Amino acid sequence: MATRCSLHVLRRTCHLYNSFASSPWMFTSYLTPVNIKPNCRHLFSQEILGLDNYQRQRILITDRLGDLRPKFIERMKSLANNDRIDRIFTDDLKTMAYIAAHKEEIELVQNMLIKYHQQDNSQQFNTYSFGPVVLRLLYIMKDVDTALKLFESEETRPLFSQVTSYIILMDMLYESKQYDDTLKVFQIVTENETNIKYPNDCTTIAFATYYALNTAEALQNCQELLKACLNLKLQVSNRALVFAAMLALKQEQPAIALEMISLRDDSFQFVLKNLKVTLFLLLCKLFNQIFLLFFYKTTVHYLQAENVQLVVFLKSYIT
């Protein structure tokens, strides 16, 4: 049994080597298509957006096609351009969404997607969510315009009705600094989403977008969004609160920022506490807090033995 497994691994390794030797572009085109800037933090990682698993699937599917890839693409072109053939199979479109690597092939995916949505799918036993897969393709190809076009089109918008699609598209627009389009997509999401009016990750991207805009109008919209979430008793993420408070701080509104971070009782890696100290300084209210903090830090071990109630009072007053 072990010998059979070893032979199988050896044959597979030889097959991969021969494929790489004959067509090395297959692998170099798919291994690292997303360029991550060094020392640069993003809102969401590749794992959260599903880009890492998508790229692994690209390599596997491309390897499975091998030398048949050009013939497969030509067959898909004939299916997409032939009006007499009105059937685009799910597996064909799925495969095309994983192997597309050029602008012409992305246009082919777009045409197949439109034709797939227009055809009668009543005979299908299950529905495949193409929205996230297509958006991941456009993300790694940095084709933001096509992604936004497909989402705004009435023909294809129902294919992008998943929360995952909203997050990928909004993150793509945010990273491309298309802030107005990011908020436009968020507005469409809040108007059409029936289960959760304000998805948590989408709301976080919206707050980050307001912070990036850094205008008085953005601060007003940020406050309205925060109030809307609170009225629906939705949990706003800590990052969203930090973005909102920092926007108010940059707009020279420390009192508003202090009210925002007061909504969260727990600590968030000391970010909220440090921000609260900065706001107290700006509001000229921290002289007593600094004195009490110094007094508490230097004498707490003596007070614990003498007056426990005073220690508890100091802890509650400082925090």
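Cys-202 sits in helix α12 of this predicted model. With a relative accessible area of 0%, Cys-202 is buried.

- Setting aside neighbours within four places in sequence, Cys-202 touches Tyr-166, Ile-167, Met-170 and Phe-186.
- Beyond neighbours within four places in sequence, Thr-203 has contacts with Phe-186, Tyr-198, Leu-225 and Cys-229.

**Where α11 meets α12**

- The axes of α11 and α12 cross at roughly 150 degrees and come within 10 Å.
- On the α11 side, the contact is made by Tyr-179, Thr-182, Leu-183 and Phe-186; α12 brings in Cys-202, Thr-203, Ile-205, Ala-206, Thr-209, Tyr-210, Ala-212 and Leu-213.
- Sorted by class, the residues of this contact are nine nonpolar, three polar and no charged.
- The crossing of these two helices, α11 and α12, is left-handed.

**Where α10 meets α11**

- Helix α10 covers residues 163–175 and helix α11 covers residues 179–192; the two pack with their axes 8 Å apart, at an angle of about 160 degrees.
- The helices α10 and α11 are therefore roughly antiparallel to each other.
- From α10, Tyr-166, Leu-169, Met-170, Leu-173 and Tyr-174 take part in the contact, meeting Tyr-179, Asp-181, Thr-182, Val-185, Phe-186 and Val-189 of α11.
- Nine nonpolar residues, one polar and one charged make up the contact of α10 with α11.
- Here, too, there is a handedness to note: α10 passes α11 in a left-handed crossing.

**Another helix pair: α6 and α7**

- Helix α6 (residues 90–99) packs with helix α7 (residues 103–118) at an angle of about 155 degrees, and their axes are 10 Å apart.
- That angle makes α6 roughly antiparallel to α7.
- The crossing of α6 and α7 is left-handed.
- Thr-90, Asp-92, Leu-93, Met-96, Ala-97 and Ile-99 of α6 make this contact with Glu-105, Leu-108, Val-109, Met-112, Leu-113 and Tyr-116 of α7.
- By class, the contact of α6 with α7 holds nine nonpolar residues, one polar and two charged.

**The protein as a whole**

- The protein has 18 helices and zero strands.
- Of its 319 residues, 43% are buried.
- Among contacts with a separation of 6 or more, 68% are between residues 24 or more positions apart.

**How confident is the prediction?**

- The average pLDDT of the protein is 77, and 70% of the residues score at least 70.
- Confidence is highest in helix α12 (residues 200–213), at a mean of 94, and lowest in helix α2 (residues 25–28), at 44.
- Residues 1–13 have a pLDDT below 50, and this stretch has one contact in the model beyond near neighbours in sequence.
- Over residues 16–36 the pLDDT also stays under 50, and the model has 34 contacts for them beyond four places in sequence.
- Where pLDDT is low, predicted coordinates should not be read in detail.

Key: Residues are numbered from 1 along each chain as its sequence is written. This is a predicted model: local features need pLDDT of at least 70, side-chain atom pairs count only at pLDDT 80 or more; totals for chains, interfaces and linings use all residues. Side-chain values use heavy atoms; hydrogens and water are left out. pLDDT is the predictor's confidence in each residue, from 0 to 100. Helices (H or I, at least four residues) and strands (E, at least two) are DSSP runs, numbered from the N terminus. Contact means heavy atoms within 4.5 Å. Axes are lines fitted to C-alpha atoms, for helices over the stretch in contact, and angles run from 0 to 180 degrees between N-to-C directions. Angles under 35 degrees count as roughly parallel, over 145 as roughly antiparallel, 65 to 115 as roughly perpendicular and the rest as oblique. A crossing is left-handed if the near helix is turned anticlockwise from the far one by less than a right angle, and right-handed if clockwise. Ala, Val, Leu, Ile, Met, Phe, Trp, Tyr, Cys and Pro count as nonpolar, Asp, Glu, Lys and Arg as charged, and the others, Gly among them, as polar. Buried means under 20% relative accessible area, exposed over 50%, partly exposed in between (1.4 Å probe, protein chains only).
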